[in-house]
Amino acid sequence: MMDTTWPSPVVEQDGDSVILSFDELSLQSRMRLDDPGALDLDYSRVMMAFLLLLPQPQSILMIGLGGGSLAKYCHRHLPQARITVVEINPEVIAARETFQIPQDDERFSVVFGDGAEFLAHTPRGSHDVILVDGFGIHGEQPEALCSLPFYKSCRAALRESGVLMVNLQDQEPQCSRLIGRIWQMFGESVVPLEVACGGNLVVLASDEASFQACAGQVRRRCRDLAADHQVVLGDVLEGLEEELKPWRVAAERPKKPVASTLGVREGAVKPKKVAGKRKSGGGKP
């Protein structure tokens with residue numbers, strides 16, 4: 001059953017910005033008054049790194065609304081995408097007008113509900129991208145949004161080449177444990193992306209084929225994106241290039257020649273084509 005005792009968020013103007021928070025220590029969201037659709041916080045720009053793997057997603061699921069920065073950006077700049085946002089706190093949803101979050105329409109909707117329960121009942125292969133940005137009132141990771149069953153639901157709800165982006169608190173040992181859980185669901189194609197300010201770390205996970213296709217092509221792929229995306233992703237390129245190096249090396253490694261079947265004498269055994277194995281997870285949940 002969904003918890004209905006969430007406290008009211010504090011929404012206030014701070015200089016040239018409007019902020020959303022639950023206490024004096026944790027900032028949940030910030031909107032610039034001169035550019036309400038901008039991704040003002042560093043972590044939110046890193047969360048858009050999925051565009052380097054999937055530049056034209058058709059279906060995006062967001063867990064956690066906050067001040068709606070990611071939702072507004074995707075709604076404005078990805079018109080081909082159907083966007084669903086799940087938010088557990090009704091008073092956060094009630095503040096959507098203050099943060100200039102679009103009204104629901106045929107391609108955008110904000111759903112009141114528990115993100116973990118919503119994902120558990122999502123049909124397999126429903127989404128191209130899942131963005132997880134849900135925190136408790138003190139900035140903590142709710143267990144329901146960082147458990148092994150939750151990440152399993154994320155993997156199931158994504159299409160084969162889908163991308164998961166998770167915003168985590170960069171605090172050890174919890175951060176490494178959660179990355180280990182994601183790794184168990186996605187195999188080796190999981191990379192952490194550092195955030196310049198704010199005490200966050202963003203985890204990107206997909207399939208190995210997507211990582212191999214992007215490795216060595218990060219900057220070219222960024223240049224192929226719209227100018228607004230290029231600006232947003234400017235600070236993430238170097239880190240993603242570095243994290244994807246192992247997949248670039250694997251893609252460039254010469255393949256062993258396969259023996260020709262021509263001239264093989266009758267009765268000889270042909271070499272078998274062995275499919276590459278994908279390692280299962282690492283780290284302890």
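In this predicted model, a polar atom of the side chain of N89 lies 2.9 Å from the backbone nitrogen of E91. N89 is found in the loop that links β5 to α3. With a relative accessible area of 1%, N89 is buried, because a residue counts as buried when this value is under 20%. Beyond its neighbours within four places in sequence, N89 is in contact with W6, P7 and F22.

Q100 is placed in the loop between α3 and β6 (108-112). The phi angle of Q100 is positive, at about 55°, although Q100 is not a glycine. The relative accessibility of Q100 is 47%, so this residue counts as partly exposed.

Strands β5 and β6 belong to a sheet. This sheet is open and has 7 strands in the order β6-β5-β4-β7-β8-β10-β9, with mixed pairing. Its edge strands are β6 and β9 (190-194), each of which pairs on one side only. From one strand to the next, the twist averages 15°. Strands of a sheet pair through backbone hydrogen bonds, in either a parallel or an antiparallel manner. Strand β5 (residues 82-87) pairs with β6 in the parallel sense, over 5 bridges. In this pair, V85 stands opposite V110 of β6.

Further along the sheet, strand β4 (residues 59-63) runs parallel to β7, and 4 bridges join the two. The bridge partner of L61 is I130 in β7. Strand β7 also pairs with β8 in the parallel sense, over 5 bridges. Here H127 stands opposite L158 of β8. Strand β7 is mostly covered, with 6 of its 6 residues buried.

Together, β7, α5 and β8 make a right-handed β-α-β unit. Helix α5 lies across β7 and β8 and runs at about 145° to β8. At the start of the helix, a side-chain oxygen of S147 comes to within 3.2 Å of the backbone nitrogen of F150. Of the 10 residues of α5 (residues 148-157), 7 are buried, so the helix is largely enclosed by the rest of the structure. The buried residues are F150, Y151, S153, C154, R155, A156 and A157. They pack against α4 (115-120), β7 (127-132), β8 (158-169) and α6 (174-186).

Helix α6 is also placed against the sheet. It lies across β8, β9 and β10 (200-205), running at about 175° to β8. The loop between β8 and α6 holds P173. The peptide bond from E172 to P173 is cis, with omega near 5°.

The nonpolar side chains can be described next. In soluble globular proteins, such side chains tend to be buried together. The largest nonpolar core in the model has 56 residues, and those with the most contacts inside it are M48, F50, L52, I60, M165 and L204. Helix α2 (residues 69-77) supplies the largest share of this core, 4 residues. Apart from this core lies another, of 26 residues, which includes L168, I179, V190 and V203.

Helix α2 is mostly covered, since 8 of its 9 residues are buried. These buried residues are S69, L70, A71, K72, Y73, C74, H75 and H77. The other part is F50. When neighbours within four places in sequence are left aside, F50 is in contact with P57, I60, C74, L78, V129, L131, V163 and M165. Among these contacts, I60 and M165 are also listed with F50 as residues that have the most contacts inside the core.

Terms used:
Residues numbered from 1 in each chain as written. Predicted model: local features only at pLDDT ≥ 70, side-chain atom pairs only at ≥ 80, totals over all residues. Heavy atoms only, no water. Core = buried A, V, L, I, M, F, W, Y, C linked by side-chain atoms within 4.5 Å. Buried < 20%, exposed > 50% of the residue type's maximum accessible area, 1.4 Å probe, protein only. Contact = heavy atoms within 4.5 Å. Polar contact = N/O pair within 3.5 Å; in protein donor to acceptor, adjacent residues only side chain to side chain. Pairing = 2+ DSSP bridges. Right-handed = clockwise from strand over helix to strand, strands pointing away. Axes fitted to C-alpha atoms, helices over the stretch in contact; angles between N-to-C directions.
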